[in-house]
Structures are given as C-alpha cells and as structure tokens.
Amino acid sequence: MNRDVKRLLWALRVLVAVALVGALVWRSGVLEPAALTLTSWWALALALLVLPLSLGIRALSIALLANARTRVLTAAGAMRLTLVGAGIALVLPTGPADAVKAHYGYRTEGHAEDIVVSAALDKLTSLTALCALAVVGGFAIGLYAQSAVAAVALLLSTVPVWAPRVVPWGLVLRVIAPGHTADSAVIEAVSHPPLARLMLVYGVSVLGWLATFSILYLTMRAVGADLSVGYLFAIAPVTALARMIPISAGGIGMGEVTLAVLLERAGVAAHVASQAALVALAVQVLLPGAIGLLLLASSRHQRTSATSQGNDETISTSA
C-alpha cells in the first residue's frame, strides 16, 4: 500500500470519527445553552480519581510480561509506555498503534525482544479478558450474536499464547526494531511466560477492564443516566470491542455511538445517553491520550538495545 493510499485512508477514518462524534454532539443537545448539566459532580470527580488506578493496572500488566525474563520496565517506564500508547491510539487504528507503541518502548527502554513480544502478548491477554467479559455480558442482555463473535475472538486471541510459534516473531522484530539483531533464544523465553505469571496477567487484565467500566458507570451517573450497575457492566465490553473496529481514527466514535444506542435501548433518554458517551470519551480516551501525546512530544533522549542481554547503547535524538 503506497503512502498516498495510506493518507487517504487515514483522512477517511478522521472524517468518520468527526462524523460519529458530531452526531453524538447533535443528539446530546450540548450546543444549546445550559444543555449539559452535571447532576453529580462527585461522580465525575471519582471517575477522574479512578482513572490513574485503571491506567496503573494496565501498566502492571505489561510490566509483568516484560519483566518475566529480566527486569526491563520500571513502574514509571511501564506507566509512561501505557500513556504514550493511549496517545498513539488517538490517531492510529489498533494494529498500527500497537506496533508504534512497541517501537517507542524499544527505543526508550531497549531490550527489543522483551518489549516487542510483551507488548503484543499484553494486547492479546487484554483482548482475551475483554472477550470473556463480552461473552458473559452479551448473554446477560440478550446480544447473542455479539456473544458468539466475542467467543470466537476469545479463542483466536489465545492462539499466539499457547502456540507462540505461529507468530513470525523474527519478522515482527525486524519491522518494529529495525537494525536490531533478534535473539531467537530470548524470543522463545519471552513468548513462553510461566503459566502462573500468565494467569496472573489474565487476572490483572480483568481487573483493568472492571476499573475501566467503573469509570464508565461514574461518568453516566455524572450526567444523570439512570442505569443499573449490572446492565452497564454487561454492555461495557461490547462498547469496548466496538472501538476496535478500524473504521474511525483511533476507534473514536465507534464505542461511544454503540454505548449511546445500548443506553437508549435500556430506557435512557437519547440526549442523556449521548451526553454520557461524550463525557466518557473525554475522561477515558481523550484525557489519557492527550497526556500520552505530550509525553511522546517531550521525549528527547532515546535508548536502543545493542544486544538482547541488556548491553545498551545510549543515543540522543530530537523528538
């Protein structure tokens, strides 16, 4: 695919995102004076307090995988990588965003095999946890077709975990860490995390999603959307999966429109459902993404890994 086609596709995705968010803004009525009324400031404040916890759990997940062989990521490094990933995800679809995040992690932390393979496994384990919650939630609210799709996605997401050799890790390293000589022994070790650690990562991923859904519930309460916790936790995984459909830039708008539709289905007024989706977008997506882009823009010193065993060569480049 040539560069012009890529630019055209990116521009189309931006237009889709703008159109979807614009539709929500129009339906929410927030353009009218005093149309957006926060009925519960404490709920919004609590959502903002839970956000760092949610991000911290996600940072813990990738740190558990990256540090399985040797200490690669510090707590600060894992949080920075998580935030930068959120920033990159604002402008790129899921697959390319994950690749750029892994490349950034390699350039800043070194240890190409540990970072690149762990970033991929972190995405897969997170997807598995989300799909498991989506299967349960879909059945709970009668979205049987979506549950079936989520079940298939769940099974597919586990294949690279129990059969890592199906992934051409050497090729992946050449693309994401160009110029680095991959160590097959290290790739083998990192792509086969101990079962106990892998189960721990799955558990952490579930907790991370539950924290994310808690933020979603609190943002709904902030605008006065009256919905039971059980129904919200049932539909939340479906909205998160919708965001991964690579139609709009960063998936922006896809999850929000899905959320608004499902809220209306549950009896929430159309304008309130749209307001809830917009507030959730601002808190869950735009805020951490903006912080991540600022961190990415301020990165001036980068490190590349000279060998797999940590003999790093430090270089300085301008961001």
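Arginine 69 and aspartate 114 form a salt bridge, with their closest N and O atoms 2.8 Å apart. That term covers a side-chain nitrogen of Lys or Arg within 4 Å of a carboxyl oxygen of Asp or Glu. What you're looking at is a predicted model, where local features need pLDDT of at least 70, side-chain atom pairs count only at pLDDT 80 or more, and totals for chains, interfaces and linings use all residues. Residues are numbered from 1 along each chain as its sequence is written, and side-chain values use heavy atoms, leaving out hydrogens and water.

**Salt bridges**

- There are five salt bridges in the structure, and three of them are described here, starting with the pair from the opening sentence.
- Side chains of opposite charge can pair when their charged atoms come close.
- Helices here are DSSP runs (H or I, at least four residues), numbered from the N terminus.
- Aspartate 114 is buried at 0% relative accessibility, while arginine 69 is partly exposed at 29%. For these labels, buried means under 20% relative accessible area, exposed means over 50%, and partly exposed is in between (1.4 Å probe, protein chains only).
- Glutamate 188 pairs up with arginine 165 in another salt bridge, and here the closest N and O atoms are 3.4 Å apart.
- Because glutamate 188 lies in helix α8 (residues 184-190) and arginine 165 in the loop between α6 (144-162) and α7 (169-176), this pair ties together parts 23 residues apart in sequence.
- Glutamate 188 counts as partly exposed, at 32% relative accessibility, whereas arginine 165 is exposed, at 70%.
- Glutamate 256 and arginine 243 make a salt bridge too, with 1.9 Å between the closest N and O atoms.
- Glutamate 256 is buried, with a relative accessible area of 5%.

- Val5, Leu8, Leu9, Leu12 and Leu15 make a nonpolar surface patch of about 420 Å². Members of such a patch have over 30% relative accessible area and no salt bridge, and nonpolar side chains (Val, Leu, Ile, Met, Phe, Trp, Tyr) are joined within 5 Å. The areas come from the Shrake-Rupley method with a 1.4 Å probe.
- Valine 5 belongs to helix α1 (residues 3-28) and is partly exposed, at 35% relative accessibility.
- Alanine 11 is also found in helix α1, and it's partly exposed at 31%.
- From alanine 11 to leucine 124, 113 residues along the chain, the C-alpha atoms are 28 Å apart.

**The two sides of α7**

- Which residues of α7 are buried? They are Trp169, Leu173 and Ile176.
- These residues cover an arc of only 80 degrees around the axis, so they end up on the same side of α7. The arc is taken from the directions from the helix axis to the C-beta atoms.
- Those buried residues pack against α4 (94-109), α5 and α8, where contact means heavy atoms within 4.5 Å.
- On the face turned away from the buried side, α7 carries the exposed residues Arg174 and Val175.

**A spot on α6**

- Leucine 156 lies in helix α6 and is exposed, with a relative accessible area of 57%.
- Its C-alpha atom is 10.0 Å from that of leucine 127, which is 29 residues away along the chain.

Note on methods: Patches are made of residues with over 30% relative accessible area and no salt bridge: like charges are joined within 9 Å, nonpolar side chains (Val, Leu, Ile, Met, Phe, Trp, Tyr) within 5 Å.
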